[in-house]
Each structure stands twice: as C-alpha cells, then as structure tokens.
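Me: I am new to this structure and would like to go through it one topic at a time. Could we begin with the display?

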Amino acid sequence: MPESYRLLVVDDDTAHRTMLRTLVGGWGYTIAEADDGDSAIEAVQAAPVDLVLMDIRMVRVSGIEALERIKSINPAIPIVLMTAYASVDMAVEALKKGAYDYLIKPLDFDKLRLTLTRSLEHIHLKRENQQLKDQLATGTLTAEMIGSSPAMVRLMETVAQVAVSEATVMITGESGTGKELVAAAIHTNSPRKAGPLVKVNCAAITETLLESELFGHEKGAFTGADRRKEGRFVQAHGGSLFLDEVGEMPIAMQVKLLRVLQERELTRVGGDQVIAVDVRLIVATNRDLARMVNDGTFREDLYYRLNVVELQTPPLRQRREDIPLLATHFLNRFAEKNHKTVDRFSPRAMDLLIRHDWPGNVRELMNTIERAVVLSRSDCLDEADFHVLAKDAPDVDAAPSGAVFPTDLPLEQIEREAIANTLSSAGGNKSEAARRLGITRKTLREKIKKYNILQ
C-alpha cells in the first residue's frame with residue numbers, strides 16, 4: 001500500500017515541488033522534500049527513502065550528479081527523473097546511470113502514478129547483481145573477496161602484489177572481516193597454487209595437541225598415538241600453511257614454531273628423524289601482537305619473523321558501499337541453498353543493512369541474511385525480516401545520544417550544540433560525526449566554520 005512508502009521529491013522550482021507534494025501525497029505516499037541535488041543526497045543519508053522523484057536541471061547539483069551519488073549510497077533506491085528539456089541523449093544517459101524511468105514535464109499524472117507504482121513493485125538490484133556477476137566472472141583473487149570500495153580495492157591490489165612473492169604474510173583485522181579469504185586469495189594467486197593450502201586454527205586445538213597437529217607424531221609418542229601421523233607442515237609441503245588466530249599460540253609452541261621457520265626442518269613428536277619442509281607461511285590474528293610482545297605474551301623474535309608483510313582487513317563499517325554487493329551475494333547463495341524464491345531487498349531493508357555498524361563484520365552480515373532468507377515468506381526481504389537490526393537502529397529524528405536541549409533555544413543554537421556534542425562523542429572524527437548527524441562531511445565542515453566550533 002502507498003502509505004508504507006516514503007518518497008523524496010526533489011525540485012528547485014518551489015511551485016512545482018509544492019504541486020507534486022500535494023498530488024503525490026494525496027495518493028497516500030509520505031512525502032519528504034529537497035530543493036536541490038545536494039540536499040537530496042543529504043536527505044537520503046539522513047533517513048530511509050523508498051523512491052526519489054527528481055528534476056534533472058537544478059542550480060547547484062544536477063539530477064544526474066545527484067542520481068550517481070544516491071546510487072552509491074543505496075543502490076536499491078529507485079530514482080525517477082523529470083525534465084522539461086527532453087532529449088534522447090539525456091534519457092539514455094539517465095538510464096545508463098541507474099535511473100528507473102524518465103518523465104517529461106509537464107507531467108502526465110496518470111503516467112506518473114503508474115511509474116511510481118511499478119518502480120516500487122520491481123526493485124531487483126540489477127546494477128549490483130551485474131557488478132557481482134562481472135566480479136565473479138573475472139576469476140581474479142577469489143570469488144568470495146567481494147567489494148569495490150577504496151579499502152577493498154587497496155587490499156586486493158596489495159594481495160596481488162604479495163601473492164607472487166614467497167614472503168611470510170600476517171593478516172590482521174577484527175573477527176569476521178574475512179582474513180581466511182585473504183589467505184586463500186594469496187595462495188590461489190601464488191606460484192604455489194598447484195600445491196595444498198592447509199589451514200589450522202590455533203585457538204581450536206589444545207596446547208598439548210597443537211605440537212602434534214603442526215609437526216606430526218610417531219606411533220606410541222603419547223597415549224592414544226596408535227599410528228604415525230604427519231603434521232600440517234608436512235601436509236602443506238610445496239604449498240602454503242595458514243595459521244589462524246596465531247596470537248592464541250602458547251609461548252612454548254612459539255619457540256618451536258620459530259625454530260622450524262628458521263631451519264626449515266622439523267622432527268615429529270616422539271621421533272628423531274629430521275624432515276625438511278618447503279612451506280609458505282600465512283598467519284592471521286585479531287589481536288594486537290605488538291602489544292602482546294610488550295606484555296611478554298608473544299615472542300618478539302617470532303613476531304618479526306611472521307610480520308614480514310602485514311595486510312589489514314577493513315571492518316565492514318568502514319566499507320559500507322560494499323554492503324549491497326555482499327548482501328546480494330549472500331541472498332543468492334542462501335536462496336539457492338534453501339530452495340527459496342526470495343530474490344531482492346526493499347529499499348528500506350537495504351537502508352537498514354547499510355546503516356548497521358556490524359560489530360561481527362561480514363560474518364554477521366552473512367548470518368543475518370541467511371536467517372532472513374530461511375524465515376522469509378515472500379520474494380522480497382523487507383524491514384520486518386531484519387527486526388533485530390531495526391531495534392538497534394538509531395532514531396534519525398532524535399538528538400545525538402546524551403544531548404538534551406531546552407525547548408526555548410533558537411534553532412541555530414540547538415544545531416550548534418548538536419554538532420559540538422556529536423563531534424565530542426566521536427572523538428573529533430569528522431567522518432564519524434557526519435555519519436551520526438546524517439549529513440555530508442562537506443556540510444559538517446561548513447557548519448563548523450559557520451558556528452565557529454572549536455575542535
């Protein structure tokens with residue numbers, strides 16, 4: 001029903017915008033307004049929008065430019081453009097850049113109403129699906145390393161450089177950011193790709209068994225050792241060995257690992273035969289190993305042996321523009337796995353996914369999408385399918401957390417206090433403060449200057 005949809009009407013012609021507000025609002029839609037492309041971009045960042053109805057020719061930022069910016073913020077939002085200056089070239093350009101449709105002024109109201117209805121019924125994330133297909137089709141790096149954000153592009157470029165070398169790599173980053181995928185990408189794109197990639201989670205194996213797991217043991221070496229076992233180093237001979245959560249390795253094992261790395265040879269537990277190993281080591285950790293060295297819980301010499309090249313996996317909150325791609329990838333995967341027909345997100349659902357901070361990173365996003373797909377009752381995931389996230393979402397109309405303002409203050413003073421408080425709570429980080437306030441970083445800078453806010 002139209003009542004559930006929030007439309008943003010963008011036009012620098014006040015009379016035309018007022019007419020559209022009255023007309024479209026009369027059809028049951030909730031209407032928000034913007035008088036130019038830049039304010040439209042800010043409006044989309046500030047609150048969920050289901051559709052944008054926007055003029056092309058505007059004074060400060062054109063509809064075409066605003067279209068591109070809005071699509072980069074939330075690609076699921078359908079955008080319908082309007083113009084009194086029709087041309088085939090302009091129409092083609094608008095559609096190529098992701099516009100849902102293109103209407104000529106003066107508007108045919110029946111056609112406008114039909115266009116709004118259809119665009120809200122048929123949101124298929126075509127652009128994101130195509131990007132995903134193109135990325136997976138290239139076969140570069142690994143199919144699971146998905147993203148086109150600056151942070152991911154830098155990571156992929158570094159992986160490509162590092163992969164062809166023999167250098168030991170340390171992958172750092174928060175839990176759930178895809179460190180294992182980076183390790184797989186390094187191996188897959190290395191000269192050792194024909195050899196095995198052997199993985200060991202150091203935190204999942206008890207201290208007493210970790211030595212046997214890595215180096216192997218002889219029959220009778222300890223109770224239960226009823227046969228000889230080759231360790232993971234020998235299994236990875238000619239390939240790569242990935243040690244995940246290496247920061248959890250006990251000090252005693254760190255000494256033995258360092259010896260193997262230095263001498264490129266080992267002996268099985270309970271044995272005396274020296275075995276040469278040719279292995280490229282890749283390690284990962286979500287802990288601060290440099291601090292652990294200072295605390296005496298991680299050996300300094302091993303730290304420098306492992307940290308030849310360090311790669312940092314960015315948290316998902318620092319690459320929000322990748323969320324539509326990742327969400328669509330997981331949607332397609334879990335819909336096929338669970339024999340579901342769900343194939344798209346509503347704009348509000350995608351908006352919710354983009355705004356969530358994802359403390360569990362990509363792993364949390366993946367699990368959230370799988371749960372939503374399994375429990376879905378239609379072919380479109382909506383806000384209700386992500387009710388857990390909705391509970392945690394900030395109220396876009398509320399003042400910043402902890403800010404209480406007297407009701408008799410002038411509006412500009414309230415705005416100044418809100419900006420100052422948000423900057424303070426964000427530790428002076430302008431990007432984070434702008435995100436919390438729902439404005440662009442440029443607008444934040446202008447307001448800081450306007451109100452002479454000390455930083």
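Me: Leaving aside neighbours within four places in sequence, which residues is Asp-351 in contact with?

Reply: This is a predicted model, in which local features need pLDDT of at least 70, side-chain atom pairs count only at pLDDT 80 or more, and totals for chains, interfaces and linings use all residues. Residues are numbered from 1 along each chain as its sequence is written, and side-chain values use heavy atoms, with hydrogens and water left out. Beyond its neighbours within four places in sequence, Asp-351 is in contact with Val-44, Pro-48 and Asn-74. Contact means heavy atoms within 4.5 Å.

Me: And where is Asp-351 found?

Reply: Asp-351 is found in helix 15. Helices (H or I, at least four residues) and strands (E, at least two) are DSSP runs, numbered from the N terminus.

Me: Is Asp-351 buried or exposed?

Reply: Asp-351 is buried, with a relative accessible area of 7%. Buried means under 20% relative accessible area, exposed over 50%, and partly exposed in between (1.4 Å probe, protein chains only).

Me: What about Asn-74, where is that found?

Reply: Asn-74 is found in the loop between helix 3 (63-73) and strand 4 (79-83). At 1% relative accessibility, Asn-74 counts as buried. Not counting residues up to four places away in sequence, Asn-74 touches Pro-347, Met-350, Asp-351 and Ile-354.

Me: Back to Asp-351. Which side chain meets it in a salt bridge?

Reply: The partner is Arg-355, at 2.5 Å from N to O. A salt bridge is a side-chain nitrogen of Lys or Arg within 4 Å of a carboxyl oxygen of Asp or Glu. Arg-355 and Asp-351 are four residues apart in helix 15 (residues 347-355), so about one helical turn separates them. Arg-355 is partly exposed, at 25% relative accessibility.

Me: How many salt bridges does a search of the whole structure find?

Reply: The search finds 27 salt bridges. One of them joins the side chains of Asp-55 and Lys-105, at 3.3 Å from N to O. Asp-55 lies in strand 3 (residues 51-55) and Lys-105 in the loop between strand 5 (101-104) and helix 5 (109-121), so this pair ties together parts that are 50 residues apart in sequence.

Me: Are those two buried or exposed?

Reply: Asp-55 is buried, with a relative accessible area of 6%. Lys-105 also counts as buried, at 16% relative accessibility.

Me: What else is there among the charged residues?

Reply: Arg-344 forms a salt bridge with Asp-343, the closest N and O atoms being 3.2 Å apart. Arg-344 is buried, with a relative accessible area of 11%, whereas Asp-343 is partly exposed at 34%.

Me: New topic. How many residues are in the largest nonpolar core?

Reply: There are 31 residues in that core, and among those touching the most other members are Leu-214, Phe-233 and Leu-243. Elements that give two or more residues to this core include strand 7 (197-201), helix 9 (207-215), strand 10 (240-244) and helix 11 (251-263). The largest share, five residues, comes from helix 11. A nonpolar core is a set of buried Ala, Val, Leu, Ile, Met, Phe, Trp, Tyr and Cys residues joined through side-chain atoms within 4.5 Å.

Me: Which residues does Leu-214 contact, leaving aside its neighbours within four places in sequence?

Reply: Leu-214 is in contact with Val-200, Gly-231, Arg-232, Phe-233, Leu-243, Met-249 and Met-253 once those neighbours are set aside. A second, separate core of 27 residues includes Ile-323, Ala-335, Ala-372 and Leu-381.

Me: At what angle do the axes of helix 9 and helix 11 cross?

Reply: The two axes cross at roughly 15° and come within 11 Å. Axes are lines fitted to C-alpha atoms, for helices over the stretch in contact, and angles run from 0 to 180 degrees between N-to-C directions. Helix 9 is therefore roughly parallel to helix 11; angles under 35 degrees count as roughly parallel, over 145 as roughly antiparallel, 65 to 115 as roughly perpendicular and the rest as oblique.

Me: Which residues make the contact?

Reply: Leu-210, Glu-211, Leu-214 and Phe-215 of helix 9 meet Met-253, Lys-256, Leu-257 and Val-260 of helix 11. Just after helix 9, Gly-216 takes a positive phi of about 85°.
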